[in-house]
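Student: I have the sequence and the coordinates open. Please take me through this model one question at a time.

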Amino acid sequence: LALSFNIDGIPIFTSSGKGMWPILGSFQLNSVTRVFPVALTFGKSKPTDLDFLKDFVSELNSVVRSGVGILQQKLEVTLKCMVCDAPAKAFVLGTKLCTGYYGCGKCDQKGALFKGRVVYPGVDAEPRTDATFRFEDQPGHHKGKTPLTDVVCMDMVEHFPIDYMHQVCLGVMRKLLQCWVNGDRAHRLSAQQVLMISTRLRSLAKYVPSIFRQPRGLEELARWKAVEFRQFLMYTGSIVLRGIVREEVYDHFQSFSVAICILCNPELSRHFEYAGKLLKYVVLKGAQLYGKEFLVYNVHSLLHLADQAKQYGSLSCFRFLD
């Protein structure tokens, strides 16, 4: 029985700092994903320490060591992954935020300050390992200790995958669209081009199956959801951008789209090495097209997606948010 977990904060009221930090668990049974609550922590603000994880760690160690009994069968329990967005991951691991100089949890690339933001210009940094994390080989990456190091089966690097929803869909894809619609004049599309793309998006509505969200125009970009950015990246973007944006911009987007389509497909993800080369090109070419400021943490994270797909079979979907 392979278990996955999610830890994140949920605001309860818009006019108050009170919030809840649930720990959710997940497993797959007969091709159906089951999500269940493990713990609920409530307070007047974000937790000031990680003590709320201690009971979770103790119970997880117990079921990993002893297994669980179901229908007179004893099942071995393993840990598959801990799914957290970047801020939550930094919090529960006791590491620097992704906006810091040592914010990447997958490699030891040092960021640099450029135009008021931290960017990650390198593409060949040394990968982190469970050992380098536990021995704090790069002290600048760490802020404190975490109870999660006491989990008997946990790899502090491999078991914390990149959050595909936030960092790819709500991260890089949204960044590209915002650059084209509201960005610097050198990269911004004309009002006529934006209108043409929006018209094409809306014209696709009658062809989009009901299981997808109906396409909205770019004038509503600020209200797009993660599934809409995913839909643009993997399906509609290649259609609506063709012949409107510059050829090198279109080719750059196509490389991004093809790589993510490969890595999200369990059957195609075996081509992770090719997808990894495409994503490395996306990062390097993106800096040429949009400037060094393009190389923020979400873009840098693309360099690690191929290895993640190799480990898990494909990129994780929106399992804890459906």
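Student: Is the crossing in which H4 passes H7 left-handed or right-handed?
Tutor: First, this is a predicted model: local features need pLDDT of at least 70, side-chain atom pairs count only at pLDDT 80 or more, and totals for chains, interfaces and linings use all residues. Residues are numbered from 1 along each chain as its sequence is written, and side-chain values use heavy atoms, without hydrogens or water. Helices are DSSP runs (H or I, at least four residues), numbered from the N terminus. With left-handed meaning that the near helix is turned anticlockwise from the far one by less than a right angle, the crossing of H4 past H7 is left-handed.

Student: Which residues of H7 make the contact with H4?
Tutor: Contact means heavy atoms within 4.5 Å. H4 brings Tyr164, Val168, Val172, Met173, Leu176 and Trp180 to it. Facing them from H7 are Val249, His252, Phe253, Phe256, Ile260 and Cys264.

Student: How are H4 and H7 set relative to each other?
Tutor: H4 covers residues 164–182, its axis runs 13 Å from that of H7, and the two pack at about 165°. Such angles run from 0 to 180 degrees between N-to-C directions, on axes fitted to C-alpha atoms over the stretch in contact. Under 35 degrees counts as roughly parallel, over 145 as roughly antiparallel, 65 to 115 as roughly perpendicular and the rest as oblique. H4 and H7 are therefore roughly antiparallel.

Student: And what is H6 to H7, given how they pack?
Tutor: H7 spans residues 247–264, and H6 packs on H7 at about 140° with the axes 9 Å apart. Because of that angle, H6 counts, relative to H7, as oblique.

Student: Which residues in H6 meet H7?
Tutor: H6 passes H7 in a left-handed crossing. On the H7 side the residues are Tyr250, Phe253, Gln254, Phe256, Ser257, Ile260, Cys261 and Cys264. They meet, in H6, Phe232, Leu233, Met234, Gly237 and Ser238.

Student: What is H4 to H6 in the same terms?
Tutor: The axes of H4 and H6 lie 9 Å apart, at an angle of about 70°. That angle is why H4 counts, relative to H6, as roughly perpendicular.

Student: Which residues in H6 does H4 meet?
Tutor: H4 passes H6 in a left-handed crossing. H4 uses Tyr164, Met165, Val168, Cys169, Leu170, Met173, Arg174, Leu177 and Trp180. Their partners in H6 are Ala226, Phe229, Arg230, Phe232, Leu233 and Met234.

Student: Which residues of its lining lie nearest the centre of the largest cavity?
Tutor: The lining has 21 residues. Helices H2 (86–93) and H9 (297–301) are the elements that give two or more of them, and the largest share, four residues, comes from H2. Nearest the centre lie Lys89, Gly103, Cys104, Gly105 and Tyr297.

Student: Which helix gives the largest share of the lining of the second largest cavity?
Tutor: This cavity holds about 60 Å³ of space. Leu201, Arg213, Pro215, Arg216, Trp224, Glu228, Gln231, Phe232 and Thr236 line it. Four residues, the largest share, come from the helix at residues 226–240, H6.

Key: On a 1 Å grid over the protein atoms alone, a cavity is a set of points where a 1.4 Å probe fits but cannot get out, and a pocket is an open set with protein on both sides within 12 Å along at least five of seven lines; lining residues have an atom within 4 Å of a point. Grid points are joined across faces, edges and corners, and a volume is the space filled by probe spheres set on the points.
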